[in-house]
Amino acid sequence: MDMVPVVVRSASHVSAYRYLDHRHGTSPRFQVRAKLPFEQQDAKYYQHLEAAVHVVQRACRLCLHVKSSLFSTDANVHQKNDQTPVTVADFGVQALISFELNKLFPSIPLVAEEDSAYLRSRNLAGSVLDAITAIDSPTSKPLTQDDVLEAIDRGGKDAFLFGSEPATYWVLDPIDGTRGFVKAGKALYVVGLALVVEGEIVAGVMGCPNWQEDFSKKSPTELEEVADMLSPSGTIMIAHIGCGTWTKRLNSMPKLPSVWTRCFVDGSNLVQKAHFCIPDSQTWESLPLSSSFNATNNVDDVGDNQVLLLAACCGSLCKYLMVASGRASVFILRAKEKTIIKAWDHAVGMICVHEAGGKITDWSGSEIDLAADQAGRRVIFPFGGVLVTNGCLHHQILDQNDQQ
């Protein structure tokens with residue numbers, strides 16, 4: 001399939017290209033060279049998003065730096081009280097992003113995964129400070145260990161009490177998929193940051209340092225168009241309410257301009273033609289659709305009564321990234337009544353999928369309520385879990401679930 005570029009003029013005089021991509025029907029695929037791919041007057045939270053992109057890119061550099069030395073000693077990987085892994089990078093990313101956001105937007109609180117109790121108990125603040133300074137030359141006075149601990153705690157569970165009124169705050173998952181981060185292979189992990197204003201997610205950034213583009217379905221003409229992108233370089237995905245979802249290479253080559261590409265969910269409208277991803281902790285056989293369809297991981301041999309199950313380790317945000325980019329059609333998360341689901345595992349993914357044309361609800365069809373945890377805004381309570389789709393398949397899957 002050939003994609004024909006059409007030059008589009010924009011008010012800021014940046015270059016823009018539009019491609020007809022028949023994988024998405026007649027939806028155009030846009031590419032734009034600019035700091036952000038839309039005009040400031042069209043995006044109320046432009047400055048917030050611009051700052052978020054910048055700091056998430058720095059956070060991804062920190063992740064890559066820590067990961068490069070992660071396996072030199074077992075002491076680099078730790079376990080929290082809930083038996084989940086945590087690394088210096090988790091704390092370093094939270095400190096870095098918290099510190100930067102507090103400088104720029106001091107009145108907006110931060111809701112984030114970590115606090116400093118673990119670091120204090122094991123005297124690890126110095127290691128986190130070293131990780132930050134290794135990738136960030138200070139522009140003012142050098143950071144101290146106390147600065148690091150304070151920045152981390154700014155997003156901790158006791159930092160801010162919200163109450164019942166709609167609130168404005170940042171939501172951060174410093175590394176979603178730490179289990180993937182500590183693996184030696186190519187398991188995905190994501191730095192995720194979202195802005196919630198008066199209870200609505202209005203902007204978000206996901207950085208995935210080891211994301212690789214899927215070029216298997218591109219024609220020779222398309223491959224020629226993206227020849228400079230063939231080496232793995234990670235991705236940054238952004239979304240702004242009313243402005244769409246966009247991606248660009250995380251690590252652009254110095255002589256190449258940053259190119260933003262508009263994202264759309266895929267166009268699958270039949271369950272058996274869709275591409276699914278599920279949590280690493282769940283099996284297809286445990287899900288409602290398993291009574292109607294079997295699942296296979298073999299992309300070249302999908303039977304009539306089978307669906308394709310994509311491997312996507314680890315964490316939830318990489319699954320949202322896959323749906324928003326059109327690589328997957330559906331992300332299914334089932335949860336029992338008392339399962340604790342954290343807001344930071346979903347917030348930024350929700351706006352990225354929504355602005356790409358997808359849909360997110362719980363299993364009753366209701367929207368996800370980020371304010372259900374009135375005091376801390378840290379936990380969500382979706383009935384039965386979370387269903388993320390390209391929109392076309394949403395009601396089909398809910399209906400099939402109701403029939404079980």
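Phe 160, Phe 162 and Tyr 169 come together as one aromatic cluster. Keep in mind that this is a predicted model. Aromatic pairs come to eight in total, and two of them get a closer look below.

**Aromatic pairs**

- A quick reminder before the numbers: a pair of aromatic rings is described by how far apart the centres lie and by the angle of the planes.
- Phe 105 and Trp 170 have ring centres 5.8 Å apart and planes at 50°, so this pair counts as tilted.
- Phe 276 and Trp 284 make an edge-to-face pair, with 5.4 Å from centre to centre and 75° between the planes. Both of these residues are buried.

**Helix 2 against helix 5**

- Helix 2 (residues 88–104) and helix 5 (residues 145–153) have axes that come within 8 Å and cross at roughly 85°.
- An angle from 65 to 115 degrees counts as roughly perpendicular, so that is how helix 2 lies relative to helix 5.
- On the helix 2 side, the contact is made by Phe 91, Gln 94, Ala 95, Ser 98 and Phe 99. Helix 5 brings Val 148, Ala 151 and Ile 152.
- What kinds of residues make up this contact? Six are nonpolar, two are polar and none is charged.

- Six strands build an open sheet with mixed pairing, in the order 14-15-13-16-20-18.
- For context, strands of a sheet pair through backbone hydrogen bonds, in either a parallel or an antiparallel sense.
- Which strands stand at the edges? They are strand 14 (294–296) and strand 18 (359–361). Each has a single partner strand, so one side of each has no neighbour in the sheet.
- From one strand to the next, the twist averages 30°.
- Strand 13 (residues 275–277) runs parallel to its partner, strand 16 (residues 330–334), and the two pair over two bridges.
- Phe 276 has Val 330 as its bridge partner in strand 16. Phe 276 also turns up in the edge-to-face pair with Trp 284.

How values were computed:
Residues are numbered from 1 along each chain as its sequence is written. This is a predicted model: local features need pLDDT of at least 70, side-chain atom pairs count only at pLDDT 80 or more; totals for chains, interfaces and linings use all residues. Side-chain values use heavy atoms; hydrogens and water are left out. Axes are lines fitted to C-alpha atoms, for helices over the stretch in contact, and angles run from 0 to 180 degrees between N-to-C directions. Helices (H or I, at least four residues) and strands (E, at least two) are DSSP runs, numbered from the N terminus. Angles under 35 degrees count as roughly parallel, over 145 as roughly antiparallel, 65 to 115 as roughly perpendicular and the rest as oblique. Contact means heavy atoms within 4.5 Å. Ala, Val, Leu, Ile, Met, Phe, Trp, Tyr, Cys and Pro count as nonpolar, Asp, Glu, Lys and Arg as charged, and the others, Gly among them, as polar. Two strands pair if DSSP finds at least two bridges between them. Rings of Phe, Tyr and Trp (its six-membered ring) pair if their centres lie within 6.5 Å; planes under 30 degrees apart count as stacked, over 60 as edge-to-face and the rest as tilted. Buried means under 20% relative accessible area, exposed over 50%, partly exposed in between (1.4 Å probe, protein chains only).
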